[in-house]
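Thanks for making the time, everyone. I would like to walk through one model with you, and I will ask a few questions along the way.

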Amino acid sequence: MGLTELMAQKKAPGWLMWIALWTVYLVWGSTYLAIRVMVRTLPPLLSGGVRFVLAGAILLGILALRRSLPAIAIGGRELVSCTIVGTALLLGGNGLVSVAEERVPSGLAALVIASIPLWVVVLRSIFDGRVPAATLVGVALGFVGVGILVVPGGSSSGAPIAGLLVLLVASVCWASGSFLSTKLTFPRDPLVSTGFQMLSGGIVMTLVSLAVGEGADWQLSELSRSSVLAFAYLVVAGSLLAFTAYSWLLRNAPISKVATYAYVNPVVAIFLGWWILHERITASVLVGAAVILSSVAFIIRKESVGSRVPEPEIADPGAGLASADAAKL
């Protein structure tokens, strides 16, 4: 029996679930490292925009070939929703992460972005008013951890305050896109939805990059092989392979188990940044990490009891994004 048939079974085997889960852990955890390497010699917004245009086009092309062209057709309202959320997640979220990682270590970037579930809860409390008090306590604790990373004392890892503030804005943008995804109308098929979100968000990011003149002085001779390989890795592994595994997990594994990627990925990112790029891990980074990840784990556990976890669009920046349908779980 092939992998496709196994994944189509009603009750998937446990070993396949763990392969998919570890794919998400390792690949999405490594995307921060890949972004850090990519932006060494590539303009961050332009390379990110092209990357998501390619990933979205490839995903939709595969779906059209395997199913049919009408299977990926969407209405105007759905396209607008995909564009709005794709822009918030990819330009505001991923794009700003890429800009920040020109100067901020990848592991530290992953930790700040790990605060996205906290911002999602804040938005829910403002606009929906349905957040338990215990969850809000967890959010407050998490923001203490963010403060440890962002205040001047937390920048001893060599990261500039400006870069950390850009990451905070990226977190808010990502959370806003996640929150909006529960309010708008999307294609029923999560892969089709994701394909159009990546494609439309990537187009917007590319246009913004060109509009602000990013890379106007960039020369092809500056391009390094490592940046090209990182770019390719983010398209194929981060945006296509890991998201496919994640999308399958949402339908075949307990949501409480799937949600663990939110606090496993930053740990993977910190380790890889230290091991491969020799990034410093300071005491303040360790304390901030412990506080933030404990808070996120607590919130996810509390929310999972009610079958609602912080919106899955908090996927890592190299990964693309989860579908709006997944966010409504």
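Let me start with a single side chain: is Cys82 buried or exposed? Cys82 is buried, since its relative accessible area is 0%, and the cut-off for that label is under 20%. Please keep in mind throughout that what you see is a predicted model.

The other cysteine I want to mention is Cys173, which has a relative accessibility of 23% and therefore counts as partly exposed. As for disulfides, a search through the whole structure finds zero of them.

Let me step back to the overall fold. The protein has 14 helices and zero strands, so that, read from the N terminus, the order of elements is simply α-α-α-α-α-α-α-α-α-α-α-α-α-α. The protein has 329 residues, and 56% of them count as buried. If we take the contacts with a separation of 6 or more, 87% of them are made by residues 24 or more positions apart.

Now to one helix pair. How do helix H7, residues 133-150, and helix H8, residues 161-180, cross? Their axes come within 10 Å, and the crossing angle is roughly 150 degrees. Because angles over 145 degrees count as roughly antiparallel, H7 is described as roughly antiparallel to H8. Which residues meet there? On the H7 side we have Val146, Leu149 and Val150, and on the H8 side these meet Ile161, Leu164, Leu165 and Leu168.

I would like to finish with helix H9, which spans residues 190-211 and contains Gln197. What is the relative accessibility of Gln197? The value is 0%, and Gln197 therefore counts as buried. The side chain of Gln197 does have a polar contact, at 2.8 Å, with the side chain of Ser193.

Ile203 is also found in helix H9, but here the relative accessibility is 40%, so Ile203 counts as partly exposed, given that this class lies between the 20% and 50% limits. If you look for Arg51 in the view, you will find that its C-alpha is 9.8 Å from the C-alpha of Ile203, although the two residues are 152 apart in sequence.

That is where I will stop, and I am happy to go back to any of these places in the view.

Technical notes
Residues are numbered from 1 along each chain as its sequence is written. This is a predicted model: local features need pLDDT of at least 70, side-chain atom pairs count only at pLDDT 80 or more; totals for chains, interfaces and linings use all residues. Side-chain values use heavy atoms; hydrogens and water are left out. Helices (H or I, at least four residues) and strands (E, at least two) are DSSP runs, numbered from the N terminus. Buried means under 20% relative accessible area, exposed over 50%, partly exposed in between (1.4 Å probe, protein chains only). A polar contact is a pair of N or O atoms within 3.5 Å; within protein, one must be able to donate a hydrogen and the other to accept it, and residues adjacent in sequence count only if both atoms are side-chain atoms. Axes are lines fitted to C-alpha atoms, for helices over the stretch in contact, and angles run from 0 to 180 degrees between N-to-C directions. Angles under 35 degrees count as roughly parallel, over 145 as roughly antiparallel, 65 to 115 as roughly perpendicular and the rest as oblique. Contact means heavy atoms within 4.5 Å. A disulfide is a pair of cysteine sulfur atoms within 2.5 Å.
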